[in-house]
Amino acid sequence: MLEGLEQLVLPAECALCHALLPCDRAADLVCSVCRHRWRPVVPPWCPRCGQPEPLFGLCRLCKDWPTALSCVRSAVWLDPAARRAAHALKYGGLPRIAADLAAAMTRVSLPADGTVTLVPVPLAARRLRSRGYNQSECLAQQLGRHWRRPVRHLLVRTRDTATQTALTPAARLANVAGAFQVRNGVGMPQSAIPEGSSLQTPRSTVVLVDDVFTTGATLAAAARALQDAGALSIMAVTFGRAVIPDFT
């Protein structure tokens with residue numbers, strides 16, 4: 001109902017370039033031209049973390065990740081065109097734009113066998129109150145509709161963390177270490193997924209969903225909490241992938 005009211009009051013225009021949208025695309029927030037400006041992340045890449053750089057030996061980006069986190073993929077490069085879309089979702093108060101971002105993320109291939117559960121990366125309570133929604137949850141819900149997979153809020157953020165923007169990769173890992181915990185069936189944190197849960201079978205995959213990948217520190221910390229709780233197979237998908245700055 002709210003989406004219908006928004007479309008009635010606001011003009012059907014692209015939220016990024018403000019071009020008018022055709023009537024049959026009035027529900028979108030991103031026009032086809034802006035979507036075509038998003039550059040897909042394509043192989044060759046590290047088979048685990050998806051870093052598309054020449055690899056010589058062990059990939060340094062993902063070598064310290066928890067073992068259960070086997071695959072991370074991002075839809076597009078976070079260049080200025082895609083960054084505007086990600087910022088509109090995260091900071092611009094436009095949760096509905098998640099549908100456009102998730103449409104790009106659906107190019108990522110899910111495991112062909114077994115069950116898949118989508119798990120959004122949670123926000124700290126203070127940021128959730130300030131923003132009014134969790135952008136990762138918005139993406140997960142849209143992906144769940146497209147992939148026809150359940151979305152479960154298995155994780156809670158147990159402490160707020162400093163913004164990661166200016167931190168080195170090592171500092172990012174330290175900043176989010178221990179920041180996530182698995183919740184139990186009534187929504188309270190617990191240390192383990194219940195014994196016998198489907199998430200503890202090799203044919204079941206937990207897919208973490210987040211908006212942006214920079215060094216993977218947040219995804220690794222979230223995956224570690226799931227692994228410590230008993231999850232055996234974890235992958236992750238994000239909309240944007242940042243070009244990692246030179247911290248040396």
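Arg35 and Asp100 form a salt bridge through their side chains, with N and O 2.5 Å apart. This pair joins distant parts of the chain, since Arg35 sits in helix α2 (residues 32-36) and Asp100 in helix α4, 65 residues apart. The model described here is predicted. Arg35 is partly exposed, with a relative accessible area of 23%. Asp100 has a relative accessible area of 2% and is therefore buried, the limit being under 20%.

A search of the whole structure gives six salt bridges. Among them is the one between the side chains of Arg25 and Asp28, at 2.7 Å from N to O. Arg25, Asp28, Arg35 and Asp100 are linked in a network of salt bridges. Another of the salt bridges is between Arg39 and Asp79, whose closest N and O atoms are 3.1 Å apart. Here too the pair links distant parts of the chain: Arg39 lies in the loop between α2 and β1 (69-77), Asp79 in the loop between β1 and α3, and 40 residues separate them.

The table gives the accessibility of residues from these pairs.

| Residue | Relative accessible area | Class |
|---|---|---|
| Arg25 | 40% | partly exposed |
| Asp28 | 16% | buried |
| Arg35 | 23% | partly exposed |
| Asp100 | 2% | buried |
| Arg39 | 43% | partly exposed |
| Asp79 | 16% | buried |

Helix α6 covers residues 135-147, 13 residues in all. From first C-alpha to last, α6 reaches 18 Å, close to the 18 Å expected at 1.5 Å a residue. At its start, a side-chain oxygen of Asn134 comes to within 3.0 Å of the backbone nitrogen of Ser136. Just after the helix, Arg148 has a positive phi of about 60°.

The buried residues of α6 are Gln135, Ser136, Cys138, Leu139, Ala140, Leu143, Gly144 and Trp147. Their cover includes the helices α3 (80-90), α4 (98-105) and α5 (125-131). Strands β2 (115-120), β6 (204-213) and β7 (234-241) are also included in that cover.

Asp211 is located in strand β6. With a relative accessible area of 4%, Asp211 is buried. Leaving aside residues up to four places away in sequence, Asp211 touches Gln135, Ser136 and Leu139, along with Lys90, Thr238, Phe239 and Gly240. Gln135, Ser136 and Leu139 are among the buried residues of α6.

Terms used:
Residues are numbered from 1 along each chain as its sequence is written. This is a predicted model: local features need pLDDT of at least 70, side-chain atom pairs count only at pLDDT 80 or more; totals for chains, interfaces and linings use all residues. Side-chain values use heavy atoms; hydrogens and water are left out. Helices (H or I, at least four residues) and strands (E, at least two) are DSSP runs, numbered from the N terminus. The expected span of a helix is 1.5 Å times one less than its number of residues. Buried means under 20% relative accessible area, exposed over 50%, partly exposed in between (1.4 Å probe, protein chains only). Contact means heavy atoms within 4.5 Å. A polar contact is a pair of N or O atoms within 3.5 Å; within protein, one must be able to donate a hydrogen and the other to accept it, and residues adjacent in sequence count only if both atoms are side-chain atoms. A salt bridge is a side-chain nitrogen of Lys or Arg within 4 Å of a carboxyl oxygen of Asp or Glu.
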